[in-house]
Amino acid sequence: MREALHRCDPPCIPYLGMYLTDLSFIEEGTPDFTPDRLLNFSKMRMIAHVIREIRHFQQTPYKIDHIPKVTSYLLDTSLLLDDDELYQKSLLIEPRSSRLSAPNTANV
């Protein structure tokens, strides 16, 4: 995923979880201070590198053309469904299975 992100030209939306994982590992795995009780600039540079990569993707604007037909479709309130209708449609797509009809595998 990192290689694909480095090859692509913005605008794109990177997976933020990858950067959060990087920051977590840096924070947990690297001390804030050196053994001489000096600020660990190496850690700060690693954090800055991750933030710089995120900002790289944020600074490129998206060029989205306005299409009135799409806007009117998205804003059409007559297409909204209430909670009951949504629930019924979800049951059609994925019916609930009864626990009683499932085979009992606990005693096996």
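Predicted model: local features only at pLDDT ≥ 70, side-chain atom pairs only at ≥ 80, totals over all residues.
**Entry 1: a patch on the surface**

I looked up one of its members, Val70, and found Val70 in helix H4, which spans residues 68-74. Val70 has a relative accessibility of 43%, so I noted Val70 as partly exposed.

I then looked up the surface of the whole protein. The accessible surface comes to about 10000 Å². Carbon and sulfur atoms account for 59% of that area.

**Entry 2: the layout of the chain**

How many helices and strands does the protein have? I counted 5 helices and 0 strands. Read from the N terminus, the order of elements is α-α-α-α-α. I wrote down the ranges of some of them: H1 covers residues 2-7 and H2 covers residues 16-29, while H3 covers residues 41-58.

The protein has 108 residues, and 15% of them count as buried. I also looked at contacts with a separation of 6 or more, and 45% of these are between residues 24 or more positions apart.

**Entry 3: confidence**

The mean pLDDT of the protein is 90. A value of 70 or more is reached by 90% of the residues. I noted that confidence is lowest in H1, with a mean of 90, and highest in H2, with 97.

**Entry 4: the core**

Which residues make up the largest nonpolar core? I listed 8 residues: Leu5, Cys12, Met18, Tyr19, Ile26, Val50, Ile54 and Phe57. H2 and H3 are the elements that give two or more residues to this core.

I picked Tyr19 from the core and looked up what Tyr19 touches. Leaving aside residues up to four places away in sequence, Tyr19 touches Leu5, Pro14, Val50, Glu53, Ile54 and Phe57. Of these, Leu5, Val50, Ile54 and Phe57 are also listed in the core.

**Entry 5: salt bridges**

I found 4 salt bridges in the structure. As a reminder to myself, side chains of opposite charge can pair when their charged atoms come close.

Asp22 and Arg2 meet through their side chains in a salt bridge, at 2.6 Å from N to O. Asp22 belongs to H2 and Arg2 to H1, so this pair ties together parts that are 20 residues apart in sequence. Are the two partners buried or exposed? Asp22 is buried, at 16% relative accessibility. Arg2 is partly exposed, at 39%.

Arg7 and Glu3 form another salt bridge, with 3.8 Å from N to O. Both sit in H1, 4 residues apart, so about one helical turn separates them. I noted both as exposed: Arg7 has a relative accessibility of 60%, and Glu3 has a relative accessible area of 57%.

Glu27 and Lys43 form a salt bridge as well, and their closest N and O atoms are 3.4 Å apart. Glu27 is in H2 and Lys43 in H3, 16 residues apart, and I marked the pair as a link between distant parts of the chain. Glu27 is partly exposed, at 42% relative accessibility. Lys43 is buried, at 1%. Salt bridges with shared partners join Glu27, Asp32 and Lys43 into one network.

**Entry 6: a loop residue**

Where does Thr30 lie? I found Thr30 in the loop between H2 and H3. Thr30 counts as buried because its relative accessibility is 17%, and the cut-off for buried is under 20%.

Not counting residues up to four places away in sequence, Thr30 touches Phe25, Asn40, Lys43 and Met46. Lys43 is on that list, and I had already met Lys43 as the salt-bridge partner of Glu27.

Terms used: Residues numbered from 1 in each chain as written. Heavy atoms only, no water. Buried < 20%, exposed > 50% of the residue type's maximum accessible area, 1.4 Å probe, protein only. Core = buried A, V, L, I, M, F, W, Y, C linked by side-chain atoms within 4.5 Å. Contact = heavy atoms within 4.5 Å. pLDDT = per-residue confidence, 0-100. Areas by Shrake-Rupley, 256 points an atom, 1.4 Å probe, with all protein chains shown as cover.
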